[in-house]
Amino acid sequence: MNIFDQHLSEIKDLVLVKKDILNLNQIDSLKGINLEIPPEQFNYDLSCNIAMVLGKKNKINPTKLAIKLKDIFLNEINSFSEIDIAGPGFLNIKLSKSALLKNINSILINSEIYGSSKNNSSYNIEFVSANPTGPMHVGHCRGAIYGDVLSNLLKFNGNKVTKEYYINDYGNQIKNFVESVFYRIKEIKYEKKFPNHENLYPGLYIKDIAEKIIKDNLDQDFNNFEDNFELLKKEALKESMELIKKDLKLLGISHDIFFSETEIVKNNLVKKAVKKLKEKNFVEEGFLKPPKGESNQDWKKIKKLIFKSTLFGDDTDRSLQKNDGSWTYFANDIAYHMDKVDRNYENLVNILGADHTGYIKRITAAVSALSEGKIKLNCKVCQLVKLYKKGEPYKMSKRAGDFISAQDLLNEVEKDQIRFMMLNRSNDVELDFDFDKVKEKSKDNPVFYVQYAYARINSLLRSLNLSLTNKIDINEKNLNFNKIEEKILRKVFEWPKITESASRQFDLHKIPFFLYELSTLFHAYWSKGNENQDYKFIENEKIKRQEILLVINLVATVIQNGMKILGVSLPKKM
C-alpha cells in the first residue's frame, strides 16, 4: 500500500484525459512527475511538481498551469479535499476524510506487508567471507549485519535471496594459520616454545584450536609439519569456521551456502573460467606495464595471461598469473564469480570490507565479461568501526591477538543494540560505536527509543484490555485528527518510500533513521498528554478518541515491519 503511487497514478491518468483542455502537446512521457510529503510548514498531505514539469516541457507558465490543474483535480478526484499552490507551482494537496480512512484501513488490513513492494528478482548476496583463520572481528560484524539486513529487506519486497559465505581456505594465509596451530600443538604436547615469527597468528584462540585437535587425535605424532599438514588444515579450518558460525549465530545471522576456495582449485574452475574468457577474446598473453611508483629498472617483464579489464571500465588490465606462473587471487575470484553467474542469479551483490575498495572495478569487469553484460554485480563497502568506552578507544583483547573480536563486542552489548547501531550510519562512512551510549535508556539511544515506543503502545493497549489485532470502528464523518496526529500519519504514509529507496539504493541506514524519527514523534505525542488535557489518550479508563487507536496501531505496524527487517526484537514491556 503506497499512497504516493496510488494518487500519482490518479493524477497522471486524469492529465492524459484532460491534455487538450490543458493545452498540453508534449505529454508523451510523464517522467519526472512525483508526489512527496510537503515541508512541515505546509499543513498538507502531499506535494506534486506536475505543473513545473509539464509547464517546462510545453512552454507554459507553471503557476497558470497549476491553477488549471487545481480546478480539475478538485472536481475530478474525490480523494482530494483541498489544494494550495505554493512557490513556483507546487500543488500541495490535502486528502479527503474518506481517502484518509481508506488508506489507513488498507494499511491495517495488510499490516504485515505494509511498506513492501511486488518484486520477483533473484539475488545472490555474498557477505562476511572472513578469512577462516580465527574468530570474526568488529569490522566483519558491520558487513555481516549489513548483508543480513539487505537480504531481509529484499525478501520483504518479494525477491528471492541466497545468502552466501565465500571461505578463503586456500593460499599463504591458510598455510600460516595451520603452521600457527602446529606450533601451538608442539608447545602443548611437546613443551616446545612457540616461535616469534612474523607470519604466525599470536591469538590465544589458536591455543584453544590446538587443544581440541590434540584431544581428537590423541595417538597422532605431530612432530613433522609436512606430514600433518592436510590433517591440521582440515581440523583447524573446521574449528575456525565453528568459531565464526557461532559468532554469526549470536548476531542473528545464518547463511544458505558456504562456498570453498579450495573447491575452485580442486575442480580446475580457474582453467575453465580463463578458457571461457579466452573464447570471448577477453584474455590474452602479454606484458603489463610497471605499477605506478615502480621504475622500469625494478620491474621484471614476464609474459603472463592478462584479462582485458579495461574493456569493461577498469583503470588497467589485470594479470591472472604470478611471476612463477601460478594463479593470482584475482584469477580464483573470477572462477568463483563464474560459478555464481552459471547459477543464473539476476543480481549479484558483494559486501566488502574497507580494504577492498580498489578491488571493485576489476571484479565488476570480470562479471560483466563472464555474463556478457546480462548480470550486474553490485559491490558495497562497509567502512571501519571505531569502538569507544567511557570516552576512550576500546582496547583489544589478548585472546583475539591483534584485533577486537565480535565476541568482545557481544560481551559488552546485546545483539539488538549491535544490529541497530551498526546500520545507524551509511555503510560508506566510518562508524563510531559508543558502548555507554547504546546502554543508555534515553532519547540518545536510538534502538532503546524505538523499542520503548512499541512497549509504550503495548502498555496502553494492555491497560485498555485491547490488542493490535482489535478492529477499530470509526467512520469518516467522525474522523478528526489533531495536528500531532496529522504529522504522525504523514510519517507513516512515507514508510513505503523509505523501504523502496533503501532497497533500490542499498541505503539501509534510512530504515533505523526513519524508525527513530517516527518514534520521536510518537513519544512527543505521548508527552503532550501530560502537558495538555486535550491530548490525553485515556479518560475515565477508556480511550478518549478512536483516532488515537488508529494512530498508535499505524505506528506499531511500521515499527514491527521495520524492526523485523533489521532483525531487532520488540519487547512488549520495558
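## Largest pocket

Helix α5 gives the most to the lining of the largest pocket, with six residues. The model is a predicted one. This pocket has a volume of about 1,000 Å³. Its lining counts 45 residues, and those closest to the pocket centre are Ala-130, Asn-131, His-137, His-140 and Asp-355.

Four elements each supply at least two lining residues: α5 (138-156), α11 (329-342), β11 (347-353) and β13 (385-389). Sorted by class, the lining of the largest pocket holds 23 nonpolar, 16 polar and six charged residues.

## Second largest pocket

The largest share comes from α19, with eight residues. By class, the lining of the second largest pocket has eight nonpolar, eight polar and three charged residues.

## Packing of α11 against α12

Helix α11, which supplies lining residues to the largest pocket, also packs against another helix. Its axis and that of α12 (residues 360-371) come within 10 Å and cross at roughly 45°. That angle makes α11 oblique to α12. The crossing of α11 past α12 is right-handed.

From α11, the contact uses Phe-330, Asp-333, Ile-334, His-337, Met-338 and Val-341. From α12, it uses Arg-362, Ile-363, Ala-366, Val-367, Leu-370 and Ser-371. Eight residues of the α11 contact with α12 are nonpolar, two are polar and two are charged.

## Packing of α1 against α3

Helix α1 (residues 3-17) packs with helix α3 (residues 62-76) at an angle of about 110°. Their axes lie 11 Å apart. Angles of 65 to 115 degrees count as roughly perpendicular, so α1 and α3 are roughly perpendicular to each other. The crossing of α1 past α3 is right-handed.

On the α1 side, the residues are Ile-11, Leu-14 and Val-15. They meet Leu-69, Ile-72, Phe-73 and Glu-76 of α3. By class, the contact of α1 with α3 has six nonpolar residues, no polar residues and one charged residue.

How values were computed:
Residues are numbered from 1 along each chain as its sequence is written. This is a predicted model: local features need pLDDT of at least 70, side-chain atom pairs count only at pLDDT 80 or more; totals for chains, interfaces and linings use all residues. Side-chain values use heavy atoms; hydrogens and water are left out. On a 1 Å grid over the protein atoms alone, a cavity is a set of points where a 1.4 Å probe fits but cannot get out, and a pocket is an open set with protein on both sides within 12 Å along at least five of seven lines; lining residues have an atom within 4 Å of a point. Grid points are joined across faces, edges and corners, and a volume is the space filled by probe spheres set on the points. Ala, Val, Leu, Ile, Met, Phe, Trp, Tyr, Cys and Pro count as nonpolar, Asp, Glu, Lys and Arg as charged, and the others, Gly among them, as polar. Axes are lines fitted to C-alpha atoms, for helices over the stretch in contact, and angles run from 0 to 180 degrees between N-to-C directions. Angles under 35 degrees count as roughly parallel, over 145 as roughly antiparallel, 65 to 115 as roughly perpendicular and the rest as oblique. A crossing is left-handed if the near helix is turned anticlockwise from the far one by less than a right angle, and right-handed if clockwise. Contact means heavy atoms within 4.5 Å.
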